[in-house]
Amino acid sequence: MFRIPIIERYVIRQVSIPLLTALGAGLSVLCAERIVQVLDITLGNRNSFGVVLELLAYWMPHYIGLAAPVALYLGLLFGFNKMSKDSELDAFLAAGVGLGRLTRPVCMISVVLAVNAALMFGWIQPYSLYAYRATVYTLANVDVFYLAEEGVFMQTGKRTFILDKLERRDNSFQRIFMYDDNGRKGSETITALNGKLVDDPANSRPVLRLDDGHRMEMKSKNATASTSTLEPPVVGDFQSADVALGELSKEVFRPRGRNERELTLTELYMQLQSADPSDNRKTKMEAQFHIRLALVALVLILPFLALPYAIGSRRGNRAYRFAIALILLVAFHEVLQQGHLITRVSGTSVWLTIWTPFSLFAGFAFWRFYVTCYTLPRPWLEPVMEDIADHIKTVWRKIRPLPAPGSP
């Protein structure tokens, strides 16, 4: 049977606790930020709580893909820092267990999280993004009828309507007034004694079926006509008519994949192989394909970047190491995003905007790891930071207010 050695199990346990804590905290912060926008969309919906959970669920693949690498990074920093402060790393080294072996279980965790990131960014996120946009469209257009109140003007798209009596049990109503502004083409006014909201599979917008109604269409004056009189209105009665509410969404109700963010990695690769070199969309797909691969590969090099900054002298100040490590990760992530944007806008090669910074960052991480594990590095930065800290303490003692007489 496959059995993980006790040393590897201990390292995994020391890293997993802060990793899971950071992952939970990161997801909570990201969801709290998104829930404000979701509540603004779902406020007044008949099933607001369920819709909020549904919309947040569509964003979870994206948030997990972002939070998992950061949680791994923080787990490595806090886990190895704790073992370093408690002299456990010294005990391992004295027993002949080097830092290279202690990194093995961490690399196993990074491989698992890299596979998770590939699934999230490559296949799950494109589908969830499309589903989120479709749900938002439904809330903004289909559910507008459910938000209507008796005797209150409502607007959906270019149409303004008001209902007299509303029965939500069967989605029926009595006495409706509807005004449609067609811009230069004129306007249209519809009144009906009663009606009902019906499902029409052939129409992507909500449909009101009106009975016993009256219609009046006012056509705008022809600008080239010599006369200044308005064209006569078109008036008519109807027994039954279907009227669609809202406007068609150009961003949602279309086949999935017209936006490159909605394509899986496999679909992006296949379309890149068959795309015309002169097609402007090929540049966007190429940038999207490579930025996803770079974000997945970034997870694999995080252990080699975090471990040198987690290990330090027990008597030295370790806070600046954490600050430098976090600044490096945030700055590099921003460099990748800017490289992705440059490729999208200007068509610059991804090998220059994405993979060149990635190669430099990976080389720096591996160099730092090698120096920490297999050499005796000179701690040139630590004395500088200690001098700065001592100087700050001295200045603070001079400027801090003196205690009041008689105070303890």
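This is a predicted model: local features need pLDDT of at least 70, side-chain atom pairs count only at pLDDT 80 or more; totals for chains, interfaces and linings use all residues.
Q: How many bridges join strand 3 to strand 4?
A: Strand 3 covers residues 172-181 and strand 4 covers residues 186-198. The two run antiparallel, and Ser172 stands opposite Lys196 in strand 4. The number of bridges joining them is nine.

Q: Which residue in the turn between strand 3 and strand 4 has a positive phi?
A: Strand 3 and strand 4 form a hairpin, with four residues between them. In that turn, a positive phi of about 70° belongs to Gly183.

Q: Where does the kink in helix 6 lie?
A: Helix 6 spans residues 280-310 and reaches 45 Å from its first C-alpha to its last, close to the 45 Å expected. A kink of about 45° lies in helix 6 shortly before the proline Pro303. The residue at the kink is Ile301.

Q: Why is helix 6 described as largely enclosed by the rest of the structure?
A: Helix 6 has 31 residues. Helix 6 is largely enclosed because, of its 31 residues, the number buried is 24.

Q: Is Ala310 buried or exposed?
A: Ala310 lies in helix 6. The cut-off for buried is under 20% relative accessible area. Ala310 has 1% relative accessibility, so it counts as buried.

Q: What separates the C-alpha atoms of Ala310 and Leu74?
A: Ala310 and Leu74 are 236 residues apart along the chain.

Technical notes
Residues are numbered from 1 along each chain as its sequence is written. Side-chain values use heavy atoms; hydrogens and water are left out. Two strands pair if DSSP finds at least two bridges between them. The expected span of a helix is 1.5 Å times one less than its number of residues. The bend at a residue is the angle between axes fitted to the seven residues ending there and the seven starting there. Buried means under 20% relative accessible area, exposed over 50%, partly exposed in between (1.4 Å probe, protein chains only).
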